Amino acid sequence: MKYINRLLPLLVLLFTALLLALLCYSGKKHNDEMLRRHVLSLLEGSRVRLTETIKTRVLAIQALSEHLQGHVWKGDPIDRMKEMFIMISDPVYRTFKGFQSINWVKKDGTILWAYPSEGNEFRAGMLGDYAEEAVMKAEKHRSFSITPVIETMGNKPVVAVYYPVVDRKGEIQGYVSGVFEILSLIDASVSDKLDVDFMVLQDGRTLYFSGEEPYEEGGRDMEHRRFLKSAVAEDVVGISGLTLTIRMWPTERLMRLYRVTHRWQWPILIGLPFMALALSYAVYILQRHYVELKTKDRALQESEIKFRSLVEHSLAGVYLIQDGLFRYVNPRFCEIFGYGSPEEIIDKKGPADLTRSAEWPVVEETPGGRREGDTGPINYVLKAVRANNEVFDVEVYGAATLFNGRPAVIGMLLDIAEKKRLEEQLRQSQKLESIGLLAGGIAHDFNNILMAITGYASLLNMKLEDEVLRNHVDQILKASERAANLTHGLLAFSRRQLLQPQPVYLKDIIRDFEKILRRVIPENIEFVIDLRDTKAVMVDQGQMEQVIINLATNARDAMSEGGKLIIETFEVAFDEAYIERHSWVNKGGGFVCLAISDTGEGMTPDVKEHIFEPFFTTKGIGKGTGLGLSTVYGIIKQHNGFIHVYSEKGKGTTFKVYLPVTESTPVDISHTAETPISGGSETILLAEDENNVRETIKETLEEYGYTVFVARDGEEAMRLLNEKSAGLDLMILDVVMPKEGGKEVYEKAKSLGFSGKVIFISGYTINTIQNFILDEGVNFLTKPFRPVTLVRKVREVLDSSEKQ
């Protein structure tokens with residue numbers, strides 16, 4: 001026990017000494033690890049920055065090659081290619097620092113063009129075997145290749161990037177090569193002289209060196225060298241064929257933050273645990289603060305890169321104004337105003353230089369409001385002026401900001417010239433549509449009135465024997481026919497006419513109609529027909545004849561002193577690219593074009609804007625109704641086609657009608673002789689809600705020997721069907737009636753066993769009725785029609801049922 005008591009202080013002392021030694025050793029190891037982590041953190045950041053810096057230049061060369069490849073695909077000539085190469089190389093050369101040369105390299109590796117062309121020492125052969133290997137690699141992989149660092153004659157280490165340009169067949173036409181000096185990029189990306197020294201090596205060869213050698217022996221004690229050696233770190237930057245090693249070690253300043261320089265003394269050993277604890281906490285706080293700063297710095301850099309990329313590639317023009325001058329504009333801004341580069345605008349021009357004088361009060365008022373404290377966003381439209389003095393519309397957005405610590409205005413603007421044109425086109429289309437709806441409604445009611453006038457006048461004409469009175473009635477019928485033509489024109493414009501389309505060749509319609517056309521064209525007009533269409537179109541022959549005669553007579557009237565009229569047909573096809581460039585083309589595919597051209601007076605833009613409106617005419621009083629072109633417009637739209645007009649005052653006019661082709665087999669359109677008028681003794685059910693029309697039709701049919709039962713609406717027609725369906729041979733039904741329409745009556749009649757024929761009549765049709773009539777093959781008459789037309793149609797339908 002006595003010996004134990006004597007040894008106890010020694011044991012405690014030894015234990016304490018051992019504990020202090022362990023704490024000291026642990027503290028030293030902790031410092032070593034913290035220093036190494038610090039260096040590794042800087043090394044990782046440097047490696048990432050250097051890699052992104054090189055990749056940015058590779059992507060710039062890739063963008064140039066893809067741009068040139070587009071021109072190769074379009075087949076641009078070599079002089080145009082050279083001009084385009086120089087034009088697009090300039091901003092890359094100026095924007096991305098370090099580029100020594102941007103070259104167009106032929107397939108054999110020789111340089112055809114270089115930018116800049118003057119003072120450029122990087123010619124063919126300067127880069128040696130590395131360039132040949134890079135070209136072969138780019139050819140093999142059809143992607144970019146990059147050389148190792150190459151020492152040039154001027155001892156300027158460079159790296160070359162090659163990117164292939166291929167044609168549509170996949171054949172390589174050449175390479176876009178970018179040569180950039182590597183040391184400045186290394187210095188800008190890696191150097192952090194306050195904390196570390198470093199060197200960059202390639203294959204063991206030093207390319208760049210900063211500070212002192214980390215293993216230098218002179219003037220260093222062993223502890224210093226051991227501590228320094230433990231903090232040396234290295235990493236590899238690898239991009240395709242380029243591999244660089246970055247070796248990094250701490251500077252004396254950083255070493256002093258981590259290194260313990262005092263000798264091993266008991267006071268230090270006694271205070272070492274507290275010192276280690278305080279130092280560890282300080283290092284932890286410093287490291288956390290450092291990491292936070294680096295994270296924020298990296299996020300700021302990434303945000304700046306994203307913002308710059310977004311602005312530089314924006315489809316809107318971006319600007320910054322301070323003190324009445326543009327301090328920044330993006331490439332799109334220059335493109336909108338017709339300037340070659342931002343340097344032509346920045347610090348040289350202000351908003352007043354790019355706008356009309358009438359807009360200066362608006363332009364000057366906006367920045368003034370910003371200076372007075374108005375921070376809200378702005379938005380207005382004004383007339384701007386391009387570099388070539390062309391005036392156009394722009395929409396401007398802006399907001400207050402700070403630039404270099406002083407108030408400024410930042411914003412963007414859009415070229416809305418195309419938007420304005422499309423808005424005007426939409427307004428015109430909506431106006432024509434509204435006029436069409438109004439015209440269609442008027443025509444429907446007017447047709448019923450004309451039907452009664454025509455019917456009673458025809459009946460009166462048949463019974464009158466006095467020649468003078470018959471002449472008067474003939475005048476009534478002719479006036480009614482002219483009024484009917486007006487309503488047909490209105491219906492055509494509003495696209496409410498019933499069409500009976502069939503697959504035909506346009507050239508056959510024109511040949512069949514040629515004699516009539518030549519009768520309306522005077523001898524002082526040269527008449528030329530050139531028919532080259534070989535594909536059929538789905539059209540209503542009568543309606544297409546109306547289109548041709550209207551356009552031909554308009555052309556004739558435009559050449560009162562004589563001239564030349566050309567009617568031609570040919571085939572065209574529109575793809576997506578053509579549709580994007582021509583707004584009047586509303587769909588793609590194959591079309592047959594009917595072109596009617598004259599050498600007459602032509603039209604001004606103001607007249608051309610209104611030519612398809614009903615009742616618009618430039619002819620004198622009594623020389624035109626103003627429905628000719630509106631009728632053409634409606635017929636073509638109803639055939640799913642479109643029409644384009646080209647005209648210049650004093651040079652003539654060309655109307656081009658485009659009709660979609662069909663794969664159906666064309667039919668024979670030769671005319672057949674009209675059937676003679678004859679009556680019969682069959683029984684007919686007539687359902688018509690207009691009293692005058694109903695009585696006219698009833699009296700006409702009874703005049704020709706038929707037995708007629710009449711109904712005022714669909715319900716009354718159904719009652720008659722239930723009573724007399726077995727004895728009915730034919731039904732004449734108005735499509736639109738109160739309670740039940742003609743279509744519903746017809747469907748119920750079939751369910752009751754009615755096997756006779758039906759004729760539908762109407763003042764106009766809507767889509768559902770039109771589809772029903774065409775799909776079912778039902779007979780149809782459009783009001784107003786003359787009694788003889790009805791009698792002939794009735795006999796034709798009844799005779800066809802007997803043959804079946």
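Next select C593, buried at 0%. The number of disulfides, meaning pairs of cysteine sulfur atoms within 2.5 Å, is 0.

This is a predicted model, in which local features need pLDDT of at least 70, side-chain atom pairs count only at pLDDT 80 or more, and totals for chains, interfaces and linings use all residues. Residues are numbered from 1 along each chain as its sequence is written, and side-chain values use heavy atoms, without hydrogens and water.

Now select I54 and M248, the residues with the most contacts inside the largest nonpolar core, which has 48 residues. Such a core is a set of buried Ala, Val, Leu, Ile, Met, Phe, Trp, Tyr and Cys residues joined through side-chain atoms within 4.5 Å. Helix 1 (residues 2–73) gives the most to this core, 11 residues; helices (H or I, at least four residues) and strands (E, at least two) are DSSP runs numbered from the N terminus. A separate second core of 39 residues includes V547, I567, I611 and L629.

Move to E151 and R205, whose side chains form a salt bridge (3.5 Å, N to O); the term means a side-chain nitrogen of Lys or Arg within 4 Å of a carboxyl oxygen of Asp or Glu. E151 is in strand 4 (residues 150–151) and R205 in strand 8 (residues 205–209), so the pair ties together parts 54 residues apart in sequence.

Finally, select K698 and E702, another salt bridge (2.7 Å, N to O).

Technical notes. Buried means under 20% relative accessible area, exposed over 50%, partly exposed in between (1.4 Å probe, protein chains only).
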